[in-house]
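Subject: Structure handover

Hello,

Here is the structure for you to open. My notes on what turned up in it follow below.

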Amino acid sequence: MLMAHPEVLRKLVGQYETLKKLYAETGSAGARQRMDDVAYTLCVSTGTRDVGTALVTARRQLSGSRRTRSLITP
């Protein structure tokens, strides 16, 4: 399965985590909608159906890309 570029995944994960904290603090409907939108994009980007699985998949992909980069970089 082809996944989003690691930098895109990194930004989506960061956005989701920030929005989740904001929503927990404020209960804002706007924060919730943005969080849902990012969750949907994460799911599409990782080929998953729920945000929990999408986050695990994205983090796994990101940790793998860091390992690959460290093996390639002298």
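Which residue just after H1 takes a positive phi? Gly-27 does, at about 70°.

**Ground rules**

This is a predicted model, where local features need pLDDT of at least 70, side-chain atom pairs count only at pLDDT 80 or more, and totals for chains, interfaces and linings use all residues. Residues are numbered from 1 along each chain as its sequence is written, and side-chain values use heavy atoms, with hydrogens and water left out.

**Overall layout**

The protein has 3 helices and 0 strands. Both kinds of element are DSSP runs, numbered from the N terminus (helices are H or I, at least four residues; strands are E, at least two). The order from the N terminus is α-α-α.

The protein has 74 residues, and 31% of them count as buried. Buried means under 20% relative accessible area, exposed means over 50%, and partly exposed lies in between (1.4 Å probe, protein chains only). The accessible surface is about 5,100 Å². Carbon and sulfur atoms account for 57% of that surface. Areas come from the Shrake-Rupley method with a 1.4 Å probe; for residues, only the protein chains shown count as cover.

Contact here means heavy atoms within 4.5 Å. Take the contacts between residues at least 6 apart in sequence: 52% join residues at least 24 apart.

**The core**

The largest nonpolar core has 15 residues. Such a core is a set of buried Ala, Val, Leu, Ile, Met, Phe, Trp, Tyr and Cys residues joined through side-chain atoms within 4.5 Å. Those with the most contacts inside this core are Leu-9, Val-13, Tyr-16, Val-38, Leu-42, Leu-55 and Ala-58. Helix H1 (6-26), helix H2 (29-46) and helix H3 (51-72) each give two or more residues to this core.

Val-13 shows some of the links. Leaving aside neighbours within four places in sequence, Val-13 contacts Leu-42, Leu-55, Ala-58 and Arg-59.

**H1**

At 1.5 Å a residue, the 21 residues of H1 should span 30 Å, and the end C-alpha atoms are 30 Å apart, which agrees. The expected span is 1.5 Å times one less than the number of residues.

Pro-6, Leu-9, Leu-12, Val-13, Tyr-16 and Leu-19 are buried in H1. They cover an arc of only 160° around the axis, so they sit on the same side of H1. The arc is that of the directions from the helix axis to the C-beta atoms. On the other side of H1, Lys-11, Thr-18, Lys-21 and Glu-25 are exposed.

Arg-10 also belongs to H1. Arg-10 is partly exposed, at 28% relative accessible area. Arg-10 and Gln-61 are 51 residues apart in sequence, yet 9.7 Å apart in space, C-alpha to C-alpha.

**H2**

The 18 residues of H2 should span 26 Å at 1.5 Å a residue; the end C-alpha atoms are 26 Å apart, which agrees. In H2, the buried residues include Ala-31, Met-35, Val-38, Ala-39, Leu-42, Cys-43, Ser-45 and Thr-46. They cover an arc of only 160° around the axis, which puts them on the same side of H2. Ala-29, Tyr-40 and Val-44 are exposed on the other side of H2.

At the start of H2, a side-chain oxygen of Ser-28 reaches to within 3.2 Å of the backbone nitrogen of Gly-30.

Met-35 has a relative accessible area of 4%, so Met-35 is buried. Beyond four places in sequence, Met-35 is in contact with Tyr-16, Leu-19, Lys-20 and Tyr-23.

Thr-48 sits in the loop between H2 and H3. At 16% relative accessibility, Thr-48 counts as buried. The side chain of Thr-48 makes a polar contact with the side chain of Thr-46, at 2.9 Å. A polar contact is a pair of N or O atoms within 3.5 Å; within protein, one must be able to donate a hydrogen and the other to accept it, and residues adjacent in sequence count only if both atoms are side-chain atoms.

Thr-57 is in helix H3. Thr-57 is buried, with a relative accessible area of 14%. The side chain of Thr-57 reaches the backbone oxygen of Thr-53 at 2.8 Å. Not counting residues up to four places away in sequence, Thr-57 touches Met-3, Thr-46 and Thr-48.

Best wishes
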